[in-house]
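Here's a quick briefing to keep beside you while you turn the model around on screen.

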Amino acid sequence: MDKSRKLADIAQRLDEAALHAEAVEQLAEEIDIADAYEVQKLSMARRYARGEKSIGIKMGLTSRAKMLQVGVTDMNWGRLTDGMIVEDGGELTFARYVHPRAEPEIAFRLRAPLEGNVTHLEAGAAIEGVAAAIEILDSRFKNFKFRMTDVIADNSSSSGLIIGPWHRPDMDFSNLGMSLEINARPVQLGSSAAILGHPIRSLAAAARLMALRGQRLEAGDIVLSGAITAAEPLRPGMKVRVRLERLGNCDFSVA
Ligand code: OOG
Ligand code: MG
């Protein structure tokens, strides 16, 4: 089988796994990082063709806690669409996922494009809004097990996001206290400093890593920073809330 056919095949397999909430085996194919991003692009193109719109990207593996949880130690990124948005205070339908997890993040909204090697000052200047956020992960691989190339091909496990009220970025968000609560009980505590020492580094890394694949961030794009702590598995009936110092709360429940 030629390579482009092989990558399109994997993309279809992963897209259908997400669409039908049915886990698949880890990739048996040996592919490199560039191929894995190509699979991600092809698989997400299938979603755009069904009417979903791009809203930005999510960063993955930007904290030590996350690297330890999934055993992958290099940053990666995935694409976010409007179909992934769960309203703040809203409900997530458990049956639409394989084995969903929730994790605490920070969201940025951009006022200007950001491309390539940017300084932290340039990254900061491109931010229009900052907010507390929750990412919903749902690996399409059985047992949530993957290698770096698998998870990139699988859109970095991305499957949902909840964003709290937007704030102007005129504050120091380098070390904000955070708690993740399930049914009003704190289950994870941390600080925004867990994200590469300062969440802005994640935004700069996003621009840099995307440029390697010929992509850039656009004005209006949302960027998820990567999680502050490990993710928590979801069960029906749970109410999940993230509280971030100065940025406030966001929450959802699992139906
Ligand atoms: C991979 C995605 C990692 C993060 O915030 O670090 C990620 C996974 O854990 O399934 O989204
Ligand atoms: Mg995440």
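**A buried proline and the ligand site**

Pro104 counts as buried at 0% relative accessibility, where buried means under 20% relative accessible area, exposed over 50% and partly exposed in between (1.4 Å probe, protein chains only). This is a predicted model, in which local features need pLDDT of at least 70, side-chain atom pairs count only at pLDDT 80 or more, and totals for chains, interfaces and linings use all residues. Residues are numbered from 1 along each chain as its sequence is written, chains are lettered from A and ligands numbered from 1 in the order in which they are written, and side-chain values use heavy atoms, with hydrogens and water left out.

**Around Pro104**

- Pro104 belongs to strand 4; helices (H or I, at least four residues) and strands (E, at least two) are DSSP runs, numbered from the N terminus.
- Pro104 and Glu181 are 77 residues apart in sequence, but their C-alpha atoms are 9.9 Å apart in space.

**How ligand 1 is held**

- The side chain of Lys66 has an N or O atom 2.8 Å from an oxygen atom of ligand 1.
- For Glu103, a side-chain N or O atom is likewise 2.8 Å from an oxygen atom of ligand 1.
- Glu105 has a polar side-chain atom 3.0 Å from an oxygen atom of ligand 1.
- Taken alone, ligand 1 exposes 320 Å², and the protein buries 100% of that (areas by the Shrake-Rupley method with a 1.4 Å probe; for residues, only the protein chains shown count as cover).
- Where does ligand 1 sit? Ligand 1 is in the largest cavity. A cavity is a set of points, on a 1 Å grid over the protein atoms alone, where a 1.4 Å probe fits but cannot get out, and sitting in it takes more than half of the molecule's atoms within 2 Å of its grid points.

**Buried charged side chains**

- Lys58, in strand 1, is buried at 2% relative accessible area. Its side chain makes a 2.9 Å polar contact with that of Glu135 (a pair of N or O atoms within 3.5 Å; within protein, one must be able to donate a hydrogen and the other to accept it, and residues adjacent in sequence count only if both atoms are side-chain atoms).
- Asp15 lies in helix 1 (residues 3-20) and is buried too, with a relative accessible area of 2%. A polar contact of 2.9 Å links the side chains of Asp15 and Arg46.

- Most residues other than glycine have a negative phi.
- Leu61 has a positive phi of about 60 degrees, though it is not a glycine. You'll find Leu61 in the loop between strand 1 and helix 3, buried at 7% relative accessibility.
- Arg246, also not a glycine, has a positive phi of about 70 degrees. Arg246 is in the loop between strand 11 (239-244) and strand 12 (248-254), and at 51% relative accessibility it counts as exposed.

Methods. On a 1 Å grid over the protein atoms alone, a cavity is a set of points where a 1.4 Å probe fits but cannot get out, and a pocket is an open set with protein on both sides within 12 Å along at least five of seven lines; lining residues have an atom within 4 Å of a point.
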